[in-house]
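Work through the exercises below with the model in view. Try each task before reading its solution.

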Amino acid sequence: MERKSLLKSLAVIGLSGLVLAACGNGSDNSGSNGSGESEQVLSWTTSSELPTMDTTMVTDTVSFDMMNNVNEGLYRQNQDGEYEAGVLDGEPEISEDGTVYTYKIKEDATWSNGDPVTANDFVFAWQRLVDPDTAAPYSYLADGIIQNATEIISGEMEPSELGAVAVDEKTLEVSYAKPVPYLEGLLSMAPFYPLNQTYVEEQGDSYATNSDTVLYNGPFTLSGWDGTNLNWSLEKNDSYWDADNVQLDTVKYQVLKETSTALNLFDSGEIDYTTVSGEYVAAREGDPNMANSPESSVFFIKMNQERNGEETPLANTNIRRGIAQAIDKQSFADQVLQNGSLPADYLVPEGLASNPSTDVDFREDSSEGTGFVDYDVESAQEAFNAGLEELGTDAITLELLVDDTENAKRSAEYIQGQLQTNLPGLQVQIVSVPFKNRVAADNSQDYDLQISGWGADYADPINYLELFVTDGNNNNSGYSNEEYDALIQSASDETEDLDKRWNDLVKAETLILDEAGIAPLYQRYGAYLEQPSVEGVVHHQVGASTSFKWASKTAE
């Protein structure tokens, strides 16, 4: 099918970890901001490098998080996870048929270099997104949504023909191909952020390769990032239209891939936040600084059916079913993750979306397949042996690609043990690489098995299911099924009969699970430690995971 799949590749933060000495910030994170007041400084951690700051080319969670804090689109999520105006001034005017929107841009919305944020900044960014010469991974976000986007992406029309027009400096008119029920969530995403055309073109190939080659229009600016380093900072953006309500001066980031290192730094007061997993969660039971929050992220094993132009053993349905049924996910969640994560026999997470008529959660409506991804060693061995016979061999060896972090390696070793113990004839070799390398291997489809995950950008099941349409941008596994593609296309096109749309999505999930197109592992709950002096940091369940716009730090 022509339509591309939807949304971002998730950094495996829940499986992550790496050693890095603490930045020399001092444990109290205080100082003077020049006005006689104490500086508001947080010291934060993440578990993966920052790959890019190009909003058109972003595909990972770390980059989405940074962009959410330093840039802003028409909408952004507020403290309650609801969408509110970003640089949008008031409510848009909407045509009677619900397809033409007129947006006004705030008069005081400016870039960090003093330029005004204009309607043309959106037109340029969105044309760049759909331009086939750009090869933006997320061009499909506009495909079938904005008028003429499909034809532009396929090369049949020019980017200038996209249905987004700058009526004047502060008025943006957008023609949509159809009414979109999740439009505000879509427009809050980084690929739909504005871009200053003059600046981007002046920077050329250097654009967004380091913190000095990006303009910012959000609550903060980025500093100290050279494109590859493991620490950087967010600095309050005094040019931001709502700067008066931003209390933090600085958020100092460092990449920490070993939980033990992060815990030592937290206990000494050198960092204000870190994620916790594995046995460290149990060791911290009762710690008043530890919290646990549900997430929309579902993790699974991607099984690549074609590598280097040749079919892999994973093109065999029985081999995939064997792998999917051979892993004890409850023990994985209880013994390895230990952070409240739920074992998953599904792709669409619990708590994401409800039936439009009955308000029943998607998980209750979906059959979750007919058992081909449930933990069942006997069935796993039966399917796997049948697959080996169909392949004409008695043994296969597969690589398992994971991040180079402490928790990722621990997870990989558990999965390796489960597969090799429960499936005689299967050897699994762990390949541990830096996050950026894993993303590159995924993009080039150069792997056998890969621990991967997906977190919702907006609350709709299609956010997950559209990932695996044939030739979808984030598929990268060779999974292809005409019936599945047709169901996703039908759900994408349907804007009136929402019950039919819902049923199409339920059928699609059942189909990909029956074929073991993926091997689900768990739905993540995030356990983390946060200093009691930190207030107002928002942890979103959908979209970018962290917002500092409303955060502050009290005196200790």
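**Exercise 1.** Which residue in E19 is the bridge partner of serine 293?

*Solution.* The model is a predicted one, in which local features need pLDDT of at least 70, side-chain atom pairs count only at pLDDT 80 or more, and totals for chains, interfaces and linings use all residues. Residues are numbered from 1 along each chain as its sequence is written, and side-chain values use heavy atoms, with hydrogens and water left out. Strands (E, at least two residues) are DSSP runs numbered from the N terminus. Two of them pair if DSSP finds at least two bridges between them. Strand E12 (residues 290-303) runs antiparallel to E19, and ten bridges join the two. Within this pairing, serine 293 has glycine 526 of E19 as its bridge partner.

**Exercise 2.** Find the other listed partners of E19, starting with this: how many bridges join strand E11 to E19?

*Solution.* Step one: E11 (residues 273-276) is joined to E19 by four bridges, and the two run antiparallel. Valine 276 is bridged to alanine 527 in E19. Step two: strand E15 (residues 342-343) also runs antiparallel to E19, with two bridges. There, tyrosine 522 in E19 stands opposite proline 343.

**Exercise 3.** Why is strand E19 described as largely enclosed by the rest of the structure?

*Solution.* Start from the term: buried means under 20% relative accessible area, exposed over 50%, and partly exposed in between (1.4 Å probe, protein chains only). E19 spans residues 518-530, and twelve of its 13 residues are buried, so the rest of the structure largely encloses the strand.

**Exercise 4.** How many aromatic pairs are there? Describe two of them.

*Solution.* Rings of Phe, Tyr and Trp (its six-membered ring) pair if their centres lie within 6.5 Å; planes under 30 degrees apart count as stacked, over 60 as edge-to-face and the rest as tilted. The count is 18 aromatic pairs. One of them is stacked: tyrosine 101 and tyrosine 103, 5.8 Å centre to centre with 25 degrees between the planes. Both of these tyrosines are buried. Another, tyrosine 253 with phenylalanine 548, is edge-to-face, at 6.3 Å centre to centre and 80 degrees between the planes. Tyrosine 253 lies in strand E10 (residues 250-255) and phenylalanine 548 in the loop between strand E22 (546-547) and strand E23 (552-553), so their pair ties together parts that are 295 residues apart in sequence. Tyrosine 253 and phenylalanine 548 are both buried.

**Exercise 5.** Which residues do ring pairs link into a cluster with Tyr253 and Phe548?

*Solution.* The cluster also includes Trp44, Trp232, Tyr273 and Tyr528.
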